[in-house]
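Dear colleague,

Please find the sequence and the structure below. I would be grateful if you could read the notes that follow with the model open.

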Amino acid sequence: MEEISMRKIVFLVHISLDGFVAGPNGEMNWIHAPQELFDWGSTLTDQADTALYGRITYGMMKNYWPTAGNKTNASKHDREHSAWYNQSTKIVVSKTLPDEGIEKTIIIRDRVAETIREIKQQPGKNIQIYGSPSVIQELLNADLIDEFYVSVNPVILGKGKPLFHGIQKKMNFHLVETKTFPQGVVLLHYEKGE
């Protein structure tokens, strides 16, 4: 009998050396994203068919990715990720986002962890979270994150929005691999441990 594997919830996030995902006013202009990191990232989207966002990150993605691949100067990554974005299901955690006229998008207004747990048990590929630290924190507290990729940027911000703020319990993860990219970016890949 063939074993059915459950979808994984995987998050990808850029972080400063001192643990922030954004500056005090939401700035992200400190993030180094070399082309090699984007090229590598396509291996993750190949394993996923769903993107999970908070409202703010979803707004940024929705304003860029649907047409990014159509621009005359679009990079290989922009073409590939735009195509993936357009065909993938989007899940957005938001109490205020209107749900009219949004294709291939599920809006979760309450019971976030319970709803994500139900979606995770449905057939499909992995679910990827991009940015969205408050969603990551909620799902970590509900023990729903299976893997994470942290892109550590060689910068100290001093203050800003911390990634692991509000975590309510100890969690063990084990290091699967590290990758070094240009501009001093180090990618850390962790899986849920025992």
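The notes below take up the sheet, its helices, and then some individual residues.

This is a predicted model, in which local features need pLDDT of at least 70 and side-chain atom pairs count only at pLDDT 80 or more, while totals for chains, interfaces and linings use all residues. Residues are numbered from 1 along each chain as its sequence is written, and side-chain values use heavy atoms, with hydrogens and water left out.

The sheet

Eight strands make up an open sheet of mixed pairing, in the order β5-β4-β3-β6-β1-β7-β10-β9. Strands (E, at least two residues) and helices (H or I, at least four residues) are DSSP runs, numbered from the N terminus; two strands pair if DSSP finds at least two bridges between them. The edges are held by β5 (105-108) and β9 (173-181); each has a single partner strand, so one side of each is left without a neighbour in the sheet. On average, neighbouring strands are turned by 20° against each other, direction ignored. For this and the angles below, axes are lines fitted to C-alpha atoms, for helices over the stretch in contact, and angles run from 0 to 180 degrees between N-to-C directions.

T180 has V186 in β10 as its bridge partner. The two strands β9 and β10 form a hairpin with three residues between them, and Q183 in the turn has a positive phi of about 70°.

The helices on the sheet

Helix α4 (residues 112-120) lies across β1 (9-16), β3 (48-54), β4, β5 and β6 (126-130), and runs at about 145° to β5. Helix α5 (residues 133-141) also packs on the sheet, where it touches β1, β3, β4, β6 and β9; its direction makes about 110° with that of β3. Contact here means heavy atoms within 4.5 Å. The buried residues of α5 are P133, V135, I136, Q137, L139 and L140, where buried means under 20% relative accessible area, exposed over 50%, and partly exposed in between (1.4 Å probe, protein chains only).

Individual residues

S151 belongs to strand β7 (residues 147-153). It counts as buried because its relative accessibility is 3%. Leaving aside residues up to four places away in sequence, S151 touches V13, H14, I15, L37, V185, V186 and L187.

Most residues other than glycine have a negative phi. K104, in the loop between β4 and β5, is not a glycine, yet has a positive phi of about 50°. With a relative accessible area of 42%, K104 is partly exposed. D143, in the loop between α5 and β7, comes just after α5 and takes a positive phi of about 60°. At 41% relative accessibility, D143 likewise counts as partly exposed.

Finally, M28 lies in the loop between β2 (20-22) and α1 (35-45). M28 is partly exposed, at 38% relative accessibility.

Yours sincerely
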